[in-house]
Amino acid sequence: MIDYVYKFRLYPNKEQQDFLDREIGCVRFVYNEILSEALEEYEKNSKKWNIYEYKKLLPILKEEYQFLKEANSQSRKLAIFNLDAAFKKFFTHQAGFPNFKKKKNSGSIHIPQFFKIEGNLLWAPKLKTPIRIKLHRKIEGRIKSLTIEKTSSSEYYASILAEKEIKGLPKVDSVISIDVGIKSFATVATAPLSNPNNRTHEHIENPKYLVKKEKKLKRLQKQLSKKQHKRNKTDTTRASSNYRKASLRIAKLHEHITNERKDLLHKLSRRIIDKNQVVILEDLNIKGMVKNHHLAKSISDASWSKFVDFLTYKANWYGRNTVRVDRFFPSSQECHDCGYRNTELTLKDRVWTCPVCGTHHDRDENASDVLMDEGLRILGQELPELTPVEKSSVDDRREIYLKSTSSLKQEAPIPEVSKNKWHSKEATHFSEG
Ligand SMILES: [Zn+2]
């Protein structure tokens with residue numbers, strides 16, 4: 001069993017929008033009130049955060065502030081859970097001290113129960129009329145909870161969490177290595193696992209229409225900065241209506257691009273998982289790379305880390321294997337044919353000729369080949385004793401993700417491969433599963 005999130009666009013009318021905005025405001029209000037109380041206790045009496053203690057504040061707040069009575073009680077509870085999560089992160093040094101939530105346009109509310117979807121209508125507690133919902137996909141599995149989100153461009157979305165069963169895919173005799181690109185999105189090498197030297201290559205390009213929209217976004221952002229608005233904290237200039245209109249337009253375009261990118265990455269990762277048993281990935285340090293301005297744009301635009309996340313959890317869902325190759329492995333510098341390391345290779349060199357063996361290389365194709373060799377070596381060395389096990393049922397996607405980040409300790413069935421089998425024609429067991 002896995003948790004799966006469906007996201008649908010909502011079309012609330014004016015009255016419903018007011019209701020949702022009020023609920024979102026309540027969550028923020030309760031969060032800030034409790035945080036300020038906790039902060040005082042922490043500073044004055046060095047008392048640590050304790051969710052049970054502060055939960056007692058909820059009914060007191062409700063008595064004190066009339067408008068909280070009208071809001072859904074789940075929203076108030078959510079505020080305290082959010083704060084608890086923030087404190088836990090603080091105490092485990094994953095984040096700084098929790099911040100007060102600023103009053104801005106966006107936010108979300110969580111509705112764990114008492115909601116229902118009928119046709120294209122969503123009924124939520126305390127709401128007298130149903131909200132129009134665009135169900136572009138059928139919801140499969142048992143529905144667990146609902147989150148309604150308002151984006152900064154004032155659009156509303158429903159995220160529906162459902163628990164569903166996923167059947168592993170039949171095994172296939174194919175391995176793929178994916179080398180993150182500089183010019184293109186990625187370059188991949190594929191081969192049959194039973195004959196891994198029989199390689200084919202493919203360059204996956206960034207779709208032109210998206211690149212175009214991203215350029216447009218940049219242009220609009222430049223124009224926006226020239227319009228009248230606050231330049232710093234002490235500046236009292238009021239934002240002009242043109243500024244506000246333009247920033248809304250930018251927020252909309254930005255959201256649109258993010259959604260389309262995500263959609264593409266979902267489709268691409270699904271296609272890769274469908275067709276390949278083993279997926280070899282470069283374990284890049286994205287933060288480190290973004291600092292390097294040569295790569296910054298392409299890396300962040302290509303959303304490589306998101307892609308790796310998608311591939312990893314899908315691989316676990318469907319019984320595939322991922323292998324991560326260390327980011328310090330010099331895949332682009334090494335000659336795939338003779339192993340010579342060309343340290344003079346720069347980012348600009350798209351093609352190069354190996355000075356030792358004379359092979360003419362496409363930079364990215366060579367890198368994907370070297371990556372595949374290394375991935376297969378790791379797979380062959382570390383896994384031969386392991387026998388295939390049944391895919392366990394896991395109900396936490398985060399858990400699945402965490403498990404799979406240590407790619408070699410996962411529970412998905414592991415193909416029986418060894419170093420010497422790579423060249424064997426008898427390794428046909430992949431098609432039997
Ligand atoms: Zn060479």
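Helix axes are lines fitted to C-alpha atoms over the stretch in contact, and angles run from 0 to 180 degrees between N-to-C directions. The model is predicted: local features need pLDDT of at least 70, side-chain atom pairs count only at pLDDT 80 or more, and totals for chains, interfaces and linings use all residues. Residues are numbered from 1 along each chain as its sequence is written.

**Overall**
- The protein chain has twelve helices and 14 strands (DSSP runs numbered from the N terminus: H or I of at least four residues for helices, E of at least two for strands).
- Of its 433 residues, 28% count as buried (20 or more other C-beta atoms within 10 Å of the residue's own, with C-beta atoms placed from the backbone).

**Helix pair**
- Helix α1 (residues 14–45) packs against helix α5 (residues 73–91) at an angle of about 45°, with the axes 8 Å apart.
- That makes α1 oblique to α5 (angles under 35 degrees count as roughly parallel, over 145 as roughly antiparallel, 65 to 115 as roughly perpendicular and the rest as oblique).

**Sheet**
- Seven strands form an open sheet in the order β2-β6-β7-β1-β5-β4-β3, with antiparallel pairing (two strands pair if DSSP finds at least two bridges between them).
- Its edge strands, β2 (107–111) and β3 (116–118), each pair on one side only.
- Neighbouring strands of this sheet are turned by 35° against each other on average, direction ignored.
- Strand β6 (residues 142–150) pairs with β2 in the antiparallel sense over five bridges.
- Gly107 has Lys150 in β6 as its bridge partner.

Conventions
A residue is buried if 20 or more other C-beta atoms lie within 10 Å of its own, exposed if 12 or fewer, and partly exposed in between; C-beta atoms are placed from the backbone.
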